[in-house]
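Dear colleague,

I am passing on to you the structure we spoke about, with the sequence alongside. Please open it first; my notes on what was found in it follow below.

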Amino acid sequence: MQNYTTLKHSENGMPIWDSCYGPVLQVASTKDLWKLQDLKDATIKAIALPEKLATLRYASRYHDLVADNRVGWAISDLKIAGLLDNPKRGYYKISELGKKDIEKQLNITKDYVHSLPKYVEHQKQRKQNTSDEKAENDIQSLELNPDQIKNWFDKQRDDLSSALLTKLRETDPDRFEKMMINLLSKMGYKGPDGDAWVTQKTNDGGIDGILNQDPLGLRKVLIQVKRYEEGNNVGRQTISQFHGDLDLQGADRGVFITTSSFTKGAEMAAKTFNIKLIDGDTLTKLMIDYKVGVQVQKTYELFEIDNDFFDKKDN
């Protein structure tokens, strides 16, 4: 069984919903029939999720459990794709297809699940059934509350984050460096009167970019980026080398960005050397927050009655 630390996760360590596919199937295979909540609880227990994450709740008025919600999304996808069967309301069991995937030790990814015939047919059917009248009826029948809406948007954000990370790993290295400088500039690292640029490759001294936080360059932040695939983690030696490059450049702070992750040794070294680490998950979150490489498709506002307005007495 995969431990939660080996699963793809958000910045706070919480596994993202599509990384729960494999653990859900493994747990489901251990007995014939599962009640939905029991399957969720057993999966969370099986991946050894710490109590602080297992009990983490959304900051909304309904305060649903985040882990419970994400495992629930995974179960829903697996059911649609035919990897889980739903013999009766509220109960699930692993399907024959799901058993074969476990036996083959397949990497159960979102791309794989969404490519299965039943999932593809489900999506096609949804598009065919879309009409203004049906959309209105669906909204009325769903009776969505604000927390469910937020949970849906959280899932869309996770999807976008995953797609964005894949796109970054396919980006031209020079373009990638410029994008990272642009991101840090939007985050305010270069200061109101500072400047930022990508270094020349012929003489960069191990530095990919520089942010001058003031006009004279007295406060300087040096940048190094690594466009790595998942699993090619940055280690302590690389961070130590970056620290040496900072010293040679007369800088006392740096930012190291990668599209993969960092080892524990690298994280410890970074704290000692005053180097800020940004891994793939954190990077995509920042790009979405600061709207770098993404654009707003639609904006929705949720309204409620302003009771203060109605209760206010005219003087």
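**Overall picture**

Of the 315 residues of the protein, 39% count as buried. Please bear in mind while reading that this is a predicted model, and that every value below is computed from it. The protein has 14 helices and eight strands, and among its contacts between residues at least 6 apart in sequence, 60% join residues at least 24 apart.

Three strands make up an open sheet in the order 1-3-2, and their pairing is antiparallel. Its edges are strand 1 (34–35) and strand 2 (84–88), each of which pairs on one side only. Strand 1 is joined to strand 3 (residues 91–94) by two bridges, the two strands running antiparallel, and here W34 stands opposite Y92 of strand 3.

Two helices lie across strands of this sheet. Helix 1 (residues 21–28) lies across strand 1, strand 2 and strand 3, and runs at about 50 degrees to strand 2. Helix 4 (residues 66–81) lies across strand 2 and strand 3, and its direction is at about 90 degrees to strand 2.

Helix 4 also meets helix 9 (residues 146–170): the axes of these two helices come within 11 Å and cross at roughly 70 degrees. With angles of 65 to 115 degrees counted as roughly perpendicular, helix 4 is therefore roughly perpendicular to helix 9. The crossing in which helix 4 passes helix 9 is right-handed. On the side of helix 4 the contact is made by N69, R70 and W73, and on the side of helix 9 by N151, W152, K155 and D158. Sorted by class, this contact of helix 4 with helix 9 has two nonpolar, two polar and three charged residues.

Is I108 buried or exposed? Its relative accessible area is 11%, and because the cut-off for buried is under 20%, I108 counts as buried. Leaving aside residues up to four places away in sequence, I108 touches D18, Y21, G22, L25, D101 and V113. The C-alpha atom of I108 is separated by 9.4 Å from that of P23, although the two residues are 85 apart along the chain.

Taking the pairs in turn, strand 4 and strand 5 are antiparallel and pair over four bridges, with N212 in strand 5 as the bridge partner of D195. Strand 5 is joined to strand 6 (residues 220–226) by four bridges, again with the strands running antiparallel, and L211 stands opposite V221 of strand 6. Strand 7 (residues 254–258) and strand 8, by contrast, run parallel and are joined by four bridges; in this pair F256 stands opposite L277 of strand 8.

In a regular strand the side chains alternate between the two faces of the sheet.

**Helix 13 and its partner**

The residues in contact are F176, M179, M180 and L183 of helix 10 with L283, L286 and M287 of helix 13. By class, the contact of helix 10 with helix 13 has seven nonpolar, no polar and no charged residues, whereas the contact of helix 4 with helix 9 has three charged residues among its members.

Methods: Residues numbered from 1 in each chain as written. Predicted model: local features only at pLDDT ≥ 70, side-chain atom pairs only at ≥ 80, totals over all residues. Heavy atoms only, no water. Pairing = 2+ DSSP bridges. Contact = heavy atoms within 4.5 Å. Axes fitted to C-alpha atoms, helices over the stretch in contact; angles between N-to-C directions. Parallel < 35°, antiparallel > 145°, perpendicular 65-115°, else oblique. Left-handed = near helix turned anticlockwise from the far one by under 90°. Nonpolar A, V, L, I, M, F, W, Y, C, P; charged D, E, K, R; others polar. Buried < 20%, exposed > 50% of the residue type's maximum accessible area, 1.4 Å probe, protein only.
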